[in-house]
Amino acid sequence: MTTELSKAQQELADNRAEIAELQGLIDGLEEKVRNGEEAEEAQQLGEQYGLKRLAELRQEAAERKLAKAEAAEAARRRGEAEDAARADLGAASDEVIADRFVAAMAALDALAGVCVQRETAVRTHLKAFVELGMPNVVANENPQFIIRVDATKFEVGERKAQDLVSRVINRVYAVRGLSGAPRIGIGSSPVERLVAARVGVGEQEAREQADTSGFAELLVSAARQVEEAGR
């Protein structure tokens, strides 16, 4: 509430109190006149009528002043509401969303690209190891095609792009409380457990929490930290 509006309200309240007081005096004088006390009381009554009329005119002026102050206050509040909306909507404008959309597309494309790169590399080197009769070949028949390099196993189809992209969307949806998240099955992926380890969550704990919203929040928080560090 502005000072102008507050003053206008107080002025009107004072005028109304003055009129009420004058009306009380008038009522008393009128009663005396009714009782036959006409001379002095009649003169005073005329004076009080005049004072009351002046007070009523001042009240009308105060009411007009208050109406203007209320209109100005309403206009100010509407302006503030519009400014607040402009700021909030500007921070989430189509241009901002488009920038984020492009960034997300680029990030998911890069994720899909490295997954495809890994798949191609596993298949290529599996074929080479088989042809060379190397002990690095762990399995070379359906349903598994696995090689070992430096004690690490690499399996065809173990890091599918569509699975990891779906997991990213699912985890973000879970944190944001959005519906329609893609299904990702039960449990975490090795990649998710690696991300969890980077923020101090052990593998066993990550496995136990994999299907909770808390785990999704942990992953998204880790992603946000990386983004903030890169700015």
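In what order do the elements of the protein chain run from the N terminus on? They go α-α-α-β-β-β-α-α-α-α, which comes to seven helices and three strands. Helices (H or I, at least four residues) and strands (E, at least two) are DSSP runs numbered from the N terminus.

Before you start clicking: this is a predicted model, where local features need pLDDT of at least 70 and side-chain atom pairs count only at pLDDT 80 or more, while totals for chains, interfaces and linings use all residues. Residues are numbered from 1 along each chain as its sequence is written, and side-chain values use heavy atoms, with hydrogens and water left out.

**Stop one: the strands**

Select residues 137–141, which is β1. β1 pairs with β2 in the antiparallel sense over four bridges; two strands count as paired if DSSP finds at least two bridges between them. The two form a hairpin with two residues between them, and glutamate 141 stands opposite glutamine 144 in β2.

Now extend to β2 (residues 144–149) and β3 (residues 152–155), antiparallel strands joined by four bridges. Look for isoleucine 147 facing phenylalanine 154 in β3. This is a hairpin with two residues between its strands, and aspartate 150 in the turn has a positive phi of about 55°.

**Stop two: α3 against α4**

Select residues 94–132 (α3) and 161–176 (α4): they pack at an angle of about 150°, with axes 9 Å apart. Axes here are lines fitted to C-alpha atoms, for helices over the stretch in contact, and angles run from 0 to 180 degrees between N-to-C directions. The pair is therefore roughly antiparallel (over 145 degrees).

Show side chains: Leu108, Leu111, Ala112 and Cys115 in α3 meet Ala161, Leu164, Val165 and Val168 in α4, contact meaning heavy atoms within 4.5 Å. Those residues divide into eight nonpolar, no polar and no charged (Ala, Val, Leu, Ile, Met, Phe, Trp, Tyr, Cys and Pro count as nonpolar, Asp, Glu, Lys and Arg as charged, the others, Gly among them, as polar).

**Stop three: phenylalanine 215**

Jump to α7 (residues 213–230), where you'll find phenylalanine 215. Is phenylalanine 215 buried or exposed? Buried, with a relative accessible area of 0%; the cut-offs are under 20% for buried, over 50% for exposed and partly exposed in between, with a 1.4 Å probe and protein chains only.

Leaving out residues up to four places away in sequence, phenylalanine 215 touches Arg171, Ser188, Glu192, Ala196, Ala206, Gln209 and Ala210.

Note on methods:
Parallel < 35°, antiparallel > 145°, perpendicular 65-115°, else oblique.
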